[in-house]
Every structure is written in C-alpha cells, then in structure tokens.
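Please keep the structure open while reading.

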Number of protein chains: 2
Amino acid sequence: MRRDPLIGRWVLVAPERSRRPNDFRSSGGLISPCPFCPGHEAETPPEVFAVREPGTPRDAPGWKIRVVPNKYPAVAPHGRARRPAGGFFESRAGLGAHEVVIDSPAHDLEFPDLPPESVRNVLEIYRQRVESLEAGTGTAYVQLFKNKGREAGATLRHPHAQIVSLPLLPQCLREDIDASGRFFKKTGGCLHCRIGEEEEKAGERIVARNDGFLAFVPFAARFPYEIRLLPRRHEARFSGTSGEEIAALADILGRVLRSVKSLLEDPSYNLVLHQGPAPAARTEAGNARAASLHWYLEIIPVTTRVAGFEWGTGFHINPVLPEAAARRLRV
Amino acid sequence: MRRDPLIGRWVLVAPERSRRPNDFRSSGGLISPCPFCPGHEAETPPEVFAVREPGTPRDAPGWKIRVVPNKYPAVAPHGRARRPAGGFFESRAGLGAHEVVIDSPAHDLEFPDLPPESVRNVLEIYRQRVESLEAGTGTAYVQLFKNKGREAGATLRHPHAQIVSLPLLPQCLREDIDASGRFFKKTGGCLHCRIGEEEEKAGERIVARNDGFLAFVPFAARFPYEIRLLPRRHEARFSGTSGEEIAALADILGRVLRSVKSLLEDPSYNLVLHQGPAPAARTEAGNARAASLHWYLEIIPVTTRVAGFEWGTGFHINPVLPEAAARRLRV
C-alpha cells in the first residue's frame, strides 16, 4: 500500500492482479473453462467455507455456495512493504484477507434470476464472511462488493461477490464519519436515518419499500439510476443484520435488480456495501462517532464513463434527473 | 447543482447531456457527419473564437483551431435552481461556461500525430480560453480536460478539449489546498515542487524531462501508466504559463503521448488539468494557501475499470508497479 504524498489517499499496488484470467478479453476466441463452475474446484485456492450437500468432500462438486481466497488478491495475510518506511514517500504492507463468494453453481444465474430463498441464503453467507473477516487481527474495515459485467470491472462472468479486509479506514468511510459525526453532534441523531426520512417525505425518488428497507435514487446521485438501499433500523454494520432483515433485503434487492435489468437491458453494475469500521478499529474512529454510522448498499449501473471532468474536479455530471430515474425504476 | 447531504459533494445534474450524439454508439449503422469537421460549422453553436486563414468568415471553413460553446453543457451562463433553497436538500444553479476547443480541422489527427508547432498553438489557445473563463463573473475554478476515445468518456472522435468554469471550488482542489496549505505551513515550501524534487532524486519513476517539465508516474499512482506532467517553475495556474513553457509542454506532451500510444496500442485516455482557483475566488480559498498551489497535468490511460472496491473505499487498486510503468514508458 502506498500513500499519495499529495492528498494522503492510499493505493493498493498489486501487480499479481494483472495476471487474472479474463472472460471478456477473448474476442471470438476460445473461452477457457470457468474456474468458478463445479468440477473446476482445483483451479481456485482451497475453499474456506461452503454450503454443501451432506457427505460431499471439500473442494469437490456438491456445493451450493462456495467461499475461496482470491487467487489474485489485492491484500494478503502476510508480507511487508517492499521499501522501508522513512524518507518522503510512505508505504506499508497491504495486510488483510481477500475472499470470493461464489453465489451458486449456476454459471449465469444472477440475483434477479434466483428465487428469493436462494438470494437470502447467499446474503446470509455474505453477512457471515464479513463478520468473520471483521474479527481478523488488525482489521480496520471490511469491504464487500459485487462487480457484474465487463463494464463494471468483472473479469469472470460466474456470479460472485468479493470481500476485502483492510488494515486502515478507507477514504470514503472517513468522509462518512466526519459528516455523520458532525450531524450527530448537532442534532443527536443519525444522518442516514434522517436522509431516509427526508426521502420518504419527498417520495419522488423512492424506488421500492418493504418492512426492513427503503430503496431510493439519492437526491444528488452521481450516476444515472444509482440506487441506495437503506436499512430502516439504525445499525452501523452489515454483520449486525438480523435474519428477518436479510430476508427483507433479499426481497427488495431482487425486485430492484429485476427492474434495473429490465429498464437498462441487463447492464453491468457494481453493488457496494458502505458500513462502519470493524470492532477492533472502533477506538481509532471514536466509539461515539462510529455508533452514529449506518450501513447501506449502493447499486451503480454502468451507463456512463468516469471522464476528465470527474478526475479533475471530484464532482460528477449526472445526465439523468434522479426523480426521472426513480419514476422509471419504481417497483 | 445538487449537494449530497451525506458527504457534501456537489453533483451537476444535466439532463440535456443525455441527448448528445455518439460516434461510438452506432454499431455498424450510419455514422452521422462529424459536427466538428469543416463544412459543418452550423451544427455547433456560433464560435466564440477561432484561429483562421485571413479573410474567411466566422462559422465557415478556413479555421485552424475553433472554439465553440458546448451544445450540451454541464453548466450554463443563466438559470436558477429548479427547486427553491431551504429544506433539507440543497441545490443551486450551475452557473458557468462550457466550451469546446476543436484542435484542428483534421478528423483523426491526435496530439501524437501533429507537429510540435501545431500542438504548441493548440495549447496556447487552451491557455487563453482558460484565462478568459477565469475572468468570468462568479467563476471560482476553471477545469480543462480532454477525453480521447470511447472508454475515456468521449462521444465524438474529432480531437477536442473541453473547458468548464464552476461557481465553486471542486472537491479535488479543496483536498489539494488542504494538503498544500499544511505542507506550506510546516516547511514554508510548495508540496508539488517537493514531490518533483523527490521524484527526480528517486529517478525510477521518471518518464521524460525537458527544461520546463518533468513527466513521471506518481509514487502512489491510482491507475496503470498514470502520468503527471509537472511544470518546473512554481506557478498556481495554467494561465500563468509563459510562451516558452507552452513550447516545452508541447514537446514533452507529444513525446509522452507517442510513448503511451505505442506501448498501450492507442488507448483511450483522459488528459486532466489540476490548478489553483480563479483570481476572484482567491479570497475564499485564502491568498496564502492559493499561492502555495502548483498546476499540473495528468494523463490517465484507460486500461482498467473503476469497480466496486474503488466506489466503496475511495482507494484504488493498481495492478502495475509504478516503477515498471515508468520504465516501459520512458522516452
């Protein structure tokens, strides 16, 4: 991990990742067999967890959900910085775990195609793996995400999620802590809960609702058809989600993703978790401030490119009015 | 412009931009004539400036470089926020100018293909237009950028740059002001000058040099083959660049872009200006802190996708070691 001396942001330098196979690069040529399909278990590192049919052995077919270490990890359990600390430039070892959750044995069944019960089971495994990684020594934060489709950065088609534990708090979380902390100090309440209330009140950006969650296009969405899935119950971390809430999430996620798939003709998208720091990092972040955080999921369909304006300013240009996006997506 | 109530970042909502024509979307079908080619001057708004052969009339062929307002602007000279201020959500009118500089009459000659003299002339026009927009009433910042190729967000192939003036300081500039200001307070020097010195000393990330500029892959580059072009002379804004420096920039930019084109097989890229606030905004930003800023250009070849990890954490994963990138690019 290298720290930018200008803006202080960390970058994970991971040359191993350039050796990743790529389903999408082979144009018309042979597509090599999928390493995530049953029968190819030997092509991934040994599994760390699986939901299996009784009696089937590890790293063999018979699994329903399979968790393996990423073969081309962005962080690693051991290692040290390539160059010593000191001097002007700062680096540190990228210590952590990088896991892949393979959603199902089916090569091309995405969340919108699976029965709610299956989505629920996969989400529960996501929750457990996030919880497990959060307990890792030195873990400050756990990032869960799903890249679907080439334009969203996926290199393999077979539906999967990735979970990465980090030794320090990410930039986005620091910004959330600052904003949520300031709001908490001023009002005694949670900024995310308030945003949810205001979106409910406005109504025009709501995409879907159920007992546990609210799905809306944020007032200042950066991307066309960006959707935030906010749990109604105030809870800092995804791992604190109850079984009932996981079921409610499976319901609303399925409905919203089916709407995205149909409206935007099966687009690539990123599904991104935002949450509070891991328990061990709470001291660093401040207990009070961490307690004012509120986890949520973000769906970013890829319909535009990040371009020069965005890289120069940090501002985004959104060519679709959030209210219009919500109206078209509403389910 | 809408302000995100969570992280306070502004988003430009510009539904008009979804009506842009797109050279890259027409798959095998008819490609409509290029609105930036000579003979199609009527398809752009009337020109605000042009370098012309003597005696040729405005908005007609005979130009060498042509500047027009963007037909689908992200900001506009007049207008007001769609919804009144007040309440929880904050918005304001996106007041500003959005210009396009058409580099030459040639539909497919990019900087690497043009003689240094032509690149120099185009860069001088960029400088003049940036200076002109900086003088606009209420302008806090002027952003210059060039999107080359579909993957970099371009919708038209014909080489051009865009210049946008903004009524407030962008997020990226605030971060630069904070970091440069802290460094200035601590050392009395410029952080960017220091980064240049440290990169010179290290040597291994240098791509090219000349009297006026240093081109290097930053120590914590976010993207493979990202290149920073740093002027050796301390100067906050691009518009303060001398004629000699523009010539030196044309030289190094041509060399570096030819190397990028050859190594990465004519990739899409973003060319992005980073600089200090417009003169009128200096008071807001603080004169002392603004004076400690230092303009530079950034070249971002598009070889990877921004994916879920980046959107979740704000950190980037770079699969190419910056030293290896610099070695391959060195000219």
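## Sheet of chain A

In what order do the strands of the open sheet of chain A stand? The model is predicted, and in it this sheet has 10 strands in the order E3-E4-E6-E8-E7-E12-E13-E11-E10-E9, with antiparallel pairing. Strand E3 (49-52) and strand E9 (206-209) of chain A are the edge strands, each pairing on one side only. From one strand to the next, the twist averages 15 degrees.

Within this sheet, strand E7 (residues 141-148) and strand E8 (residues 160-166) of chain A run antiparallel and are joined by 5 bridges. Val142(A) has Ser165(A), in E8(A), as its bridge partner. Helix H4 (residues 243-263) of chain A packs on the sheet. The strands of chain A that H4 touches are E9, E10 (213-216), E11 (227-231), E12 (269-274) and E13 (296-301). The direction of the helix makes about 20 degrees with that of E10(A).

## Sheet of chain B

Chain B also has an open sheet of 10 strands, with antiparallel pairing and the order E3-E4-E6-E8-E7-E12-E13-E11-E10-E9. At its edges stand strand E3 (49-52) and strand E9 (206-209) of chain B; each has a single partner strand, so one side of each is left without a neighbour in the sheet. The twist averages 15 degrees from one strand to the next.

E3(B) runs antiparallel to strand E4 (residues 63-69) of chain B, and 4 bridges join them. Here Arg52(B) has Trp63(B), in E4(B), as its bridge partner.

## Helix H4 of chain B

How far apart are the end C-alpha atoms of helix H4 (residues 243-263) of chain B? They are 30 Å apart, which agrees with the span of 30 Å that 21 residues should have at 1.5 Å a residue.

The buried residues of H4(B) include Ile246(B), Leu249(B), Leu253(B), Val256(B), Leu257(B) and Val260(B). Glu245(B), Gly254(B) and Ser259(B) are also among the buried residues of this helix. An α-helix has 3.6 residues a turn, so residues three or four places apart point the same way. After H4(B) comes Glu265(B), which has a positive phi, near 60 degrees.

## Contact between the chains

How many residues does each chain give to the contact? Chain A contributes 64 residues and chain B contributes 64 residues. On the side of chain B that touches chain A, 37 residues are nonpolar, 14 polar and 13 charged.

Strand pairing also crosses between the chains: strand E2 (residues 10-13) of chain A and strand E14 (residues 316-318) of chain B pair in the parallel sense over 3 bridges. In this pairing Leu12(A) stands opposite Ile317(B) of E14(B).

How values were computed:
Residues numbered from 1 in each chain as written. Chains lettered and ligands numbered in written order. Predicted model: local features only at pLDDT ≥ 70, side-chain atom pairs only at ≥ 80, totals over all residues. Helix = DSSP H or I, 4+ residues; strand = E, 2+ residues; numbered from the N terminus. Expected span 1.5 Å × (residues − 1). Buried ≥ 20, exposed ≤ 12 C-beta atoms within 10 Å, placed from the backbone. Pairing = 2+ DSSP bridges. Axes fitted to C-alpha atoms, helices over the stretch in contact; angles between N-to-C directions. Contact = placed C-beta atoms within 7 Å. Nonpolar A, V, L, I, M, F, W, Y, C, P; charged D, E, K, R; others polar.
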